[in-house]
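Hi everyone, thanks for making time this morning. Let me put the model up on the screen, and then I'll walk you through a few places in it.

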Amino acid sequence: MSRIDSFKKDLEAKKAVKIIAGIDNFDETKVRNVIIAAEQGGASAVDIAADTALINIAKEITKLPIFVSSTSPEMLLMAKNEGADALEIGNFDALYKKGIRISAEDVLDITKRTIELVGEEIFLSVTIPGHISVEEQVKLASDLEDLGIDLIQSEGACVANVNNNGARGLMEKVNISISNTMEIVNSCSIPVMTASGITPSTAAMPFAAGASAIGVGSCVNKLTSPIEMLATVMSITEKVGLKKEEKIHI
């Protein structure tokens, strides 16, 4: 079984867990710690920024499927050539931090250009901007499905109350993302991953709403201790019933 096939197996079982190092996280030590925590904690995949050094590190230290995230088709082509197992258009956190709101048209254009460059043989995931209307999200999901996308990721971080940084803020983020997930799941037949605000206490909620996977970022990558990272990943995989011994990698 190939690395991406193991992720697809978890998708089909509706219990896939992707651990996200961060689209703008280029700190090699921190990314390495996130990857190790994901591997040892029994996650389904890791997601890193589009950077040659980071991709090479990931290939050396993990057998998990390696997702590489970017909003640049050219950087995604580089990632494919460097050996990434899957490509992610998004997440858009780096843009949001700059006050940029990406549109549905932008996402569709980036996706079409990416497919032209990388071909259709590599697994491709696309994030639906959480700030656009539900109607636009549903339409974009349908358009992406028509393009042959393998996975759609929902989000809620950019429309949550930025003043709520604690538990309330995380709940607000995950509730918005879950709501978006439900709308998208009801409108298309390809798997949907829920991201934004996922913690051990909320990890199971998206699956009850129809998600096939969750994307876990800040509750792991913002930690400073590798032990805390591992404990958090293990707690999440246990909550969703993803048993490490069930996973097979090459």
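Let's begin with Phe 7, which is buried because its relative accessible area is 0%; buried here means under 20% relative accessible area, exposed means over 50%, and partly exposed is in between, with a 1.4 Å probe and protein chains only. Before going on, a word on the ground rules: this is a predicted model, so local features need pLDDT of at least 70 and side-chain atom pairs count only at pLDDT 80 or more, while totals for chains, interfaces and linings use all residues. Residues are numbered from 1 along each chain as its sequence is written, and side-chain values use heavy atoms, with hydrogens and water left out.

Phe 7 sits in helix α1; helices (H or I, at least four residues) and strands (E, at least two) are DSSP runs, numbered from the N terminus. What does Phe 7 touch, not counting residues up to four places away in sequence? The list is Ala 16, Ser 44, Ala 45, Pro 65, Phe 67, Phe 123, Leu 151 and Met 193, where contact means heavy atoms within 4.5 Å. Phe 7 and Ile 66 are 59 residues apart in sequence, and their C-alpha atoms are 10.0 Å apart in space.

**The rings**

How many aromatic pairs are there? The count is four, with rings of Phe, Tyr and Trp (its six-membered ring) pairing if their centres lie within 6.5 Å, and planes under 30 degrees apart called stacked, over 60 edge-to-face and the rest tilted. One of them joins Phe 7 and Phe 123, edge-to-face, at 5.8 Å centre to centre with 85 degrees between the planes. That pair links distant parts of the chain, with Phe 7 in helix α1 (residues 3–12) and Phe 123 in strand β5 (residues 123–127), 116 residues apart. Phe 67 and Phe 123 are also paired: their ring centres are 5.8 Å apart and their planes are at 75 degrees, so this pair is edge-to-face. Phe 67 is in strand β3 and Phe 123 in strand β5, so the pair ties together parts that are 56 residues apart in sequence. Put together, ring pairs link Phe 7, Phe 67 and Phe 123 into a cluster. Phe 67 counts as buried at 0% relative accessibility, and Phe 123 is buried with a relative accessible area of 6%.

**The cores**

Now for the nonpolar cores, meaning sets of buried Ala, Val, Leu, Ile, Met, Phe, Trp, Tyr and Cys residues joined through side-chain atoms within 4.5 Å. Which members of the largest core touch the most other members? Among its 64 residues, they are Val 17, Ile 19, Ile 48, Ile 214 and Val 216. Helix α6 (residues 104–118) gives this core its largest share, six residues. Apart from this core lies another, of eleven residues, among them Leu 11, Ala 16, Phe 123 and Leu 151.

Helix α4 (residues 73–82) has Pro 73, Leu 76, Met 78 and Ala 79 as its buried residues. These pack against α3 (52–61), β3, β4 (86–89) and α6. After α4 comes Gly 83, with a positive phi near 110 degrees.

**Backbone details**

For those of you who check torsions, the peptide bond from Gly 90 to Asn 91 is cis, with omega near -15 degrees. Asn 91 lies in the loop between β4 and α5.

Lys 14 has a positive phi of about 60 degrees although it is not a glycine. Lys 14 is found in the loop between α1 and β1 (16–20), and at 44% relative accessibility Lys 14 counts as partly exposed. Ser 196, another residue other than glycine, has a positive phi near 90 degrees. Ser 196 belongs to the loop between β7 and α9 (205–208). Is Ser 196 buried or exposed? At 14% relative accessibility, Ser 196 counts as buried.

Finally, in strand β7 (residues 192–195) we have Thr 194, which counts as buried at 0% relative accessibility. Beyond four places in sequence, the residues that Thr 194 touches include Ser 154, Ser 177, Pro 206 and Ile 214.
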